[in-house]
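Subject: Structure for your review

Hello,

Here is the structure I said I would pass on. My notes on it follow below.

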Amino acid sequence: MSISSVVALVRRVLSPGGDLTERAVTSGVWVMLTNVVDRVLQLAMVLLVARLIGPGSYGVMALALVVMSALTKLSRLGIDAALIQREADDVDAYLDTAWMMQNARGLVVAAILFASAPIVASPLVFDEPQLAPVLRVLALSPLLSGLQNPGLLYLKKDLRFDKQFAYTLSGTVFYVAVAVVVAFLTRSVWALVLGLVASDFVRLVASYFVADYRPRPRFDLDHARELFGYGKWIFASGVVLFLIMEGDDAFVGWYLGTAVVGLYQLAYRVSNAPATEVTQTISSVIFPTYSKMQSDDRQLRDGFFKTVQLTTFISFPIAVGVAAVAPTFVDTFLTEQWDAMIPMIQLLAAWGLLRSLGATTGPLFQAIGKPDVPTKIQFGKLVIIAAFIYPATARYGAVGTGLVIVGNSLLFSEPVATYLATRAVDGSYARLLRLVAYPAVPSILMGIAVVAVHRMGVATGVVEFTLLVLVGVVVYGVLALAVERFSEYDSVALCRRLARTVVS
């Protein structure tokens, strides 16, 4: 195959167009590219910076991000989701109002973040003096985000994730560059702080290059009420979701200290990074796709089950693989002071798997106009966490915290969410359980093989890590093909069909 033919193939694969299925698949390729490149760059940067600054300084940034995320999610209005969910293609009439609401929110969040910094850093909360100046600089972040072009939502609504790629990666490249340079110069938490602010500024500028819309300071009260009528459940979900997703970080930081929250937060990032790519790809592509097929019951049902099938086919081996290679990964890419996070990585990898499964249900409920369902499930999850997090953490430390989070998802939230989602599409829960069960056995056997090779001690460092990854890929691939040959499971065939759809 000539170079020109390869270039032509790549252009065809990555060019948006065609019917809804083709656009969704092509968009999935772009989202996967965006997420993989973005996360690989960020994870590599975080590991390098973590080696240089240590768990204590990394923990300061973890706490700062928890505080900033609290204010951001507690003020989330759900405007983008409300506009994407609308079946109408043109939502220009709402964008100026949305932009004004977005700016007001950013200004309020920044002011609160700046003013509350000394209190948050005091012994009354986290007792971490370094936190106050860090929070005050990070107050720039919501201001910059609020000024971004509201026309960005068209990139998701119209499945134009090729432009989303340019927008996202522009900020990530500057984040990595600034953070790495400052880390080598200062060996301090300011590497991560200045990198984040730089990325927000670059994305602000990029938003006006990738989206054609130009906002003006106009406000329509009726439009604002309409947007908030849908977005109120997204707002409520954001409140509960923060307490579930980051309340554990805040609790660990408050109860066990800055260094421990540094270990716990990095363990989460490492263990959930691969599964997060699956989650974000699904959420970004499936929500607008579901929104366009919400009036076709059969298409919606088939789309949901195919999404579950593809998600579990990818996320099961990723989660098991992350847990299996965790000791080698930490020994190879970090220092001894990070060894305590190995059991945390192994435990939280299971949460990554459950989160990726949950990513198939949230977009469905939003697309069919029932954003209240995830909120109610998350509220129940929050009640369970609140009841058990203190005694579990007091007894087992940060590992106890992780046990509560994983157990909650395993025994309550994901079973309930998938059951309700299956009913919403008039499907069979037994069918869903079969789809989840098929990749589980090959993944477990793959994990056993990887651990066995590790215990043989045939190599160390980067060589061992690479060997373990290759063993995992080969073993899972062979077993998945065997399962497909002797059962009705067809995930490998589904991947082939998706690839043909993209190429054609």
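Helices here are DSSP runs of H or I with at least four residues, strands are runs of E with at least two, and both are numbered from the N terminus. The model is predicted: local features need pLDDT of at least 70, side-chain atom pairs count only at pLDDT 80 or more, and totals for chains, interfaces and linings use all residues. Residues are numbered from 1 along each chain as its sequence is written, and side-chain values use heavy atoms, with hydrogens and water left out.

Overall

The protein chain has 21 helices and zero strands. Of its 504 residues, 55% count as buried (buried is under 20% relative accessible area, exposed over 50%, partly exposed in between, with a 1.4 Å probe and protein chains only). Taking contacts (heavy atoms within 4.5 Å) with a separation of 6 or more, 83% are between residues 24 or more positions apart.

Helix H11

Helix H11 covers residues 247-256 and is mostly covered, with seven of its 10 residues buried. Those seven are Gly247, Asp248, Asp249, Ala250, Phe251, Val252 and Gly253. Gly257 follows H11 and has a positive phi, near 105°.

Charged residues

How many salt bridges does a search of the whole structure find? It finds one, where a salt bridge is a side-chain nitrogen of Lys or Arg within 4 Å of a carboxyl oxygen of Asp or Glu. The partners are Arg203 and Asp38, with their closest N and O atoms 4.0 Å apart. Arg203 is in helix H9 (residues 190-210) and Asp38 in helix H2 (residues 20-74), so the pair ties together parts 165 residues apart in sequence. Arg203 and Asp38 are both buried.

Glu128 sits in the loop between helix H4 (92-121) and helix H5 (131-138). Glu128 is buried but has no salt bridge, and the nearest side chain of opposite charge is that of Arg136, 15 Å away. For charge, Lys and Arg count as positive and Asp and Glu as negative, while His and the chain ends are not counted. Beyond its neighbours within four places in sequence, Glu128 is in contact with Val60, Ala121 and Thr258.

Helix pairs

Two packed helices are described by the angle between their axes and the distance between the axes. The axes are lines fitted to C-alpha atoms, for helices over the stretch in contact, and the angles run from 0 to 180 degrees between N-to-C directions.

Helix H14 (residues 342-358) packs on helix H17 (residues 398-424) at an angle of about 20°, with the axes 9 Å apart. H14 is therefore roughly parallel to H17 (under 35 degrees is roughly parallel, over 145 roughly antiparallel, 65 to 115 roughly perpendicular, the rest oblique). The crossing of H14 and H17 is left-handed, that is, the near helix is turned anticlockwise from the far one by less than a right angle, whereas clockwise would be right-handed. Residues of H14 in this contact include Leu347, Trp351 and Leu354, and those of H17 include Leu403, Val406 and Leu410.

Helix H19 (residues 440-456) and helix H20 (residues 461-485) pack at about 150°, with axes 9 Å apart. H19 is thus roughly antiparallel to H20. Their crossing is right-handed. Among the residues that meet are Met446, Ala449 and Val453 in H19, and Leu468, Val471 and Val475 in H20.

Val478 is also in H20. Because its relative accessibility is 51%, Val478 counts as exposed. The C-alpha atoms of Val478 and Met446 are 9.8 Å apart, and the two residues are separated by 32 residues along the chain.

Regards
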